[in-house]
Amino acid sequence: QVQLVESGGGLVQAGRSLRLSCAASGSAFSLNIMHWYRQAPGNQRELVATITREGSANYADSVKGRFTISRDNAKNTMYLQMNNLKPEDTAVYYCNADVYSWPGMSLKNYWGQGTQVTVSS
């Protein structure tokens with residue numbers, strides 16, 4: 001079993017920055033592709049950014065140029081650097097990962113519990 005735990009959320013003023021972390025723990029696993037999602041009240045969960053194990057990244061148009069996704073495979077941790085935050089970035093941010101585990105090299109998808117980001121105007 002693998003656990004994903006997000007941290008780094010909080011309340012900030014518009015224009016400021018936050019850095020989210022997603023740490024994976026467990027035994028006998030390897031993280032494959034990872035994502036950050038977010039969900040604002042009344043809205044569907046939306047994909048914010050994706051990063052492959054090799055570090056190739058993609059972003060939603062709404063965050064391009066402001067957010068940077070990264071990962072440290074040795075630490076089993078993914079990050080989201082969020083700059084120039086806007087009130088519309090307010091949401092619960094979730095970590096998501098495809099995880100290989102052994103024995104058997106099974107592939108399973110995991111979610112974290114989420115961390116709240118609130119941006120005031």
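Predicted model: local features only at pLDDT ≥ 70, side-chain atom pairs only at ≥ 80, totals over all residues.
Strands, E runs of at least two residues, and helices, H or I runs of at least four, come from DSSP and are numbered from the N terminus. With that in hand, I looked up Trp-102: the loop between strand S9 (91-101) and strand S10 (106-111) holds this residue.

Residues are numbered from 1 along each chain as its sequence is written, and side-chain values use heavy atoms, without hydrogens and water.

Next I checked what Trp-102 touches. Beyond neighbours within four places in sequence, Trp-102 is in contact (heavy atoms within 4.5 Å) with Ala-28, Phe-29 and Ser-30.

Then I went for aromatic pairs, meaning Phe, Tyr or Trp rings (for Trp the six-membered one) with centres within 6.5 Å; planes under 30 degrees apart are stacked, over 60 edge-to-face, the rest tilted. The whole structure gave me 2 of them. Tyr-37 and Trp-111 make a tilted one, 4.9 Å between centres and 55 degrees between planes. Tyr-37 sits in strand S4 (residues 29-39) and Trp-111 in strand S10, so this pair ties together parts 74 residues apart in sequence. Tyr-94 and Trp-111 are edge-to-face, at 6.4 Å and 85 degrees. I put Tyr-37, Tyr-94 and Trp-111 down as one aromatic cluster.

Last, I looked for charges over rings (NZ of Lys or CZ of Arg within 6 Å of the ring centre and within 35 degrees of the ring normal). I found Arg-45 over the face of Trp-111, 4.6 Å from the ring centre, and Arg-19 over Tyr-79 at 4.0 Å.
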